[in-house]
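Take a look at the model below.

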Amino acid sequence: MKIDENLKKYIEENIFPEYSKNDSGHNLEHIQYVIDRSFKFADTVPNINYNIVYTVAAYHDIGHHIYYKRHEIVSGEIMSKDENLKKFFSAEELKIIKEAIEDHRASADHEPRSIYGKIVSTADRNNSVESCLKRSYAYGQKHYPELSDDALFDRSYEHLKIKFGENGYAKFFFKDDVYENFLKDIRSLLSNKDTFIKTQRDYINKLKANGEL
């Protein structure tokens, strides 16, 4: 795997700082997670372009703070207007990157149009219960500030059940034992709403006490 060092430098210096504007579930820590996971899945694909993989992952949530309900479209537009990327990619490659960003959202009504979209969509899925508990709470706290903690926990439960429960909408395009184990754990937790809410409440209170949220 080799990434163009100039591309990497440009993104680290000019794109990564933008993620400080997002909620803690879509911040730079999340982006690094998606980049790392994207490379893992890319390693299984022959003749993959790692510069494209890296760029899709780096830009995929950049517009989340602007309009979270359609952040995949906004993020794709931001990427496509970045003239600096023309130094590293052809017009066709930039089209692939834009489409992959647009296609990454778990609730999308269609499969990603390229292998790059499938990579970032898969990499974007949580693979730990703790991450789910934190991200779902942080998302609600940011976008529904009028809600009490009780209401936020209830919202998290309903959202995660629809997303990761049996026949949930979250899509996964690569075989991954870590994700399969996560699905078993989160589905077990979601099987009892009271247990879920107590578990999330305890975890969130711990994060707050440690200054992590």
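**A glutamine and its partners**

This model is predicted. Start with Gln200. Setting aside residues within four places in sequence, Gln200 is in contact with Leu133, Ser136, Tyr137, Phe153 and Ser156. Find Gln200 itself in helix α10, which covers residues 193–209.

One of those partners shows how the chain folds back. Tyr137 and Gln200 are 63 residues apart in sequence. In space, their C-alpha atoms are 8.4 Å apart.

Is Gln200 buried or exposed? Its relative accessible area is 0%. Buried means under 20%, so Gln200 counts as buried.

Now look at the polar side chain. What does the side chain of Gln200 make polar contact with? One partner is the side chain of Ser156, at 3.3 Å. A polar atom of the Gln200 side chain also lies 2.9 Å from the backbone oxygen of Leu133.

Next, move to helix α3, residues 50–59. How many of its residues are buried? The count is 10 of 10, and the helix is mostly covered. The buried residues include Tyr50, Asn51, Ile52 and Tyr59.

What do they pack against? The buried residues of α3 pack against α1 (5–14), α2 (28–42), α4 (71–80), α5 (91–102) and α6 (115–123). Trace each of these helices in the model.

Finish at the start of α3. There, a side-chain oxygen of Asn49 comes to within 2.9 Å of the backbone nitrogen of Asn51. Asn51 is also among the buried residues of the helix.

Note on methods. Residues numbered from 1 in each chain as written. Predicted model: local features only at pLDDT ≥ 70, side-chain atom pairs only at ≥ 80, totals over all residues. Heavy atoms only, no water. Helix = DSSP H or I, 4+ residues; strand = E, 2+ residues; numbered from the N terminus. Buried < 20%, exposed > 50% of the residue type's maximum accessible area, 1.4 Å probe, protein only. Contact = heavy atoms within 4.5 Å. Polar contact = N/O pair within 3.5 Å; in protein donor to acceptor, adjacent residues only side chain to side chain.
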